[in-house]
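The sequence and the structure are shown first.

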Amino acid sequence: MNAHEIDYRIYGEEMQYVEIELDPNEGVIAESGSFMMMDDGIKMETIFGDGSQKDTGFLGKVFGAGKRLLTGESLFMTAFYNVLHGKRNVSFASPYPGKIVPIDLMEYRGKFICQKDAFLCAAKGVSVGIEFSKRLGRGFFGGEGFIMQKLEGDGMAFIHAGGTLAKKVLQPGETLRVDTGCIVGFTQDVDYDIEFVGGIKNTVFGGEGLFFATLKGPGTVYIQSLPFSRLAGRVLASVPRGGKDKGEGSILGGLGDILGGDNRF
């Protein structure tokens, strides 16, 4: 086994965090900004790329770090090692409300494909790369779902889904149409493409975008109900124009908001 064999426990409901139990000399890698807390005896180290065997040598490390730029991530990742005797714990938190999904890569023949911002952390030795699209349509119209990350190895990885999580097991030839931002990840046998919505009314007035993803089985697909882009869009839509709240400076002030309700959505 190349990846470190780690134990874990997931806590919480809407805002979850995962606690990783490390034996002596075991390690875990994580995205910058996901760290929550750790026991005494855990050593933290910033590394290029993902620190897997694919990144051996200077050029390998530079290439591994450069791949992450294409997915919008940092050049660096953080590795956490247990350098003392006995078991030690390190925890990583969800970036926004949703669910943490444990992925045992051994169950998926060593590879899982996920949305570019879904990866949270993984056992040391798991490779975090990018999944290039072989179809032109995805490149022009894929939007959020175009550049995907791939997790490879034989260890545990953890991804994050926003809102409520749906798991779909597709039979051979079965097709599922999904908003591109709602895809969390899928197994390597799933055929993924972009499809035009069609219809002038859908295109102009539908409000759901011009394209959606088609996922064709066999394989397992994870879907999220609240992509971060959708959450951020609603937050931005609620920000008062001009930088002032509509109740500021009025006679009623905050009382006006209570009486009138919040109609900014």
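## Basis of the description

Two strands are treated as paired if DSSP finds at least two bridges between them. The model is predicted. In this sense of pairing, Val128 stands opposite Leu151 in S12.

## The six-stranded sheet

An open sheet is formed by 6 strands, in the order S11-S12-S9-S16-S19-S14, and its pairing is antiparallel. The edges are taken by S11 and strand S14 (165–170); each has a single partner strand, so one side of each is left without a neighbour in the sheet. From one strand to the next, the twist averages 20°.

Strand S12 (residues 148–152) has 4 of its 5 residues buried, so this strand is largely enclosed by the rest of the structure. On one of its pairings, 5 bridges join S12 to strand S11 (residues 127–131), and the two run antiparallel. The pair of Val128 and Leu151 belongs to this part of the sheet. S12 also pairs with strand S9 (residues 111–115), again in the antiparallel sense and over 5 bridges. Here Ile113 has Lys150 in S12 as its bridge partner, while Cys114 has Gln149 in S12 as its bridge partner.

## The three-stranded sheet

A further open sheet has 3 strands in the order S15-S18-S17, with antiparallel pairing. Its edge strands are strand S15 (175–178) and strand S17 (191–196), each of which pairs on one side only. The twist in this sheet averages 30° from one strand to the next.

S15 and strand S18 (residues 211–216) pair in the antiparallel sense, over 4 bridges. Within this pairing, the bridge partner of Leu176 is Leu215 in S18.

## Cysteines

How many disulfides does the model contain? A disulfide is counted where a pair of cysteine sulfur atoms lies within 2.5 Å, and by this rule the count comes to 0.

Cys114 is buried because its relative accessible area is 0%. Cys182 is likewise buried, with a relative accessible area of 8%. Cys114 is also the residue whose bridge partner in S12 is Gln149.

## Backbone geometry in the loops

Most residues other than glycine have a negative phi, and most peptide bonds are trans.

Asn25 has a positive phi of about 75° although it is not a glycine. This residue is found in the loop between strand S2 (17–22) and strand S3 (27–30). Is Asn25 buried or exposed? Its relative accessibility is 63%, so Asn25 counts as exposed. Arg109, which is not a glycine either, has a positive phi of about 55°. Its place is in the loop between strand S8 (98–104) and S9. Arg109 counts as exposed because its relative accessibility is 57%. The cut-off for exposed is over 50%.

Pro218 lies in the loop between S18 and strand S19 (219–224). S18 belongs to the sheet with the order S15-S18-S17, and S19 to the sheet with the order S11-S12-S9-S16-S19-S14.

## Cavity and pocket

A search of the whole structure finds 1 cavity of 30 Å³ or more. The largest cavity has a volume of about 50 Å³. Which residues line the largest cavity? The lining consists of Pro95, Tyr96, Gln115, Asp117, Ala118, His160, Val184 and Gln224. By class, 4 of these residues are nonpolar, 3 are polar and 1 is charged.

The largest pocket has a volume of about 250 Å³. Its lining comprises 14 residues, of which Glu31, Pro95, Asp117, Phe119 and Leu120 lie nearest the centre of the pocket. The lining divides into 7 nonpolar, 4 polar and 3 charged residues.

Methods. Residues numbered from 1 in each chain as written. Predicted model: local features only at pLDDT ≥ 70, side-chain atom pairs only at ≥ 80, totals over all residues. Heavy atoms only, no water. Axes fitted to C-alpha atoms, helices over the stretch in contact; angles between N-to-C directions. Buried < 20%, exposed > 50% of the residue type's maximum accessible area, 1.4 Å probe, protein only. 1 Å grid on protein atoms, 1.4 Å probe; cavity = no way out; pocket = protein on both sides within 12 Å on 5 of 7 lines; lining within 4 Å. Points joined across faces, edges and corners; volume = space filled by probe spheres on them. Nonpolar A, V, L, I, M, F, W, Y, C, P; charged D, E, K, R; others polar.
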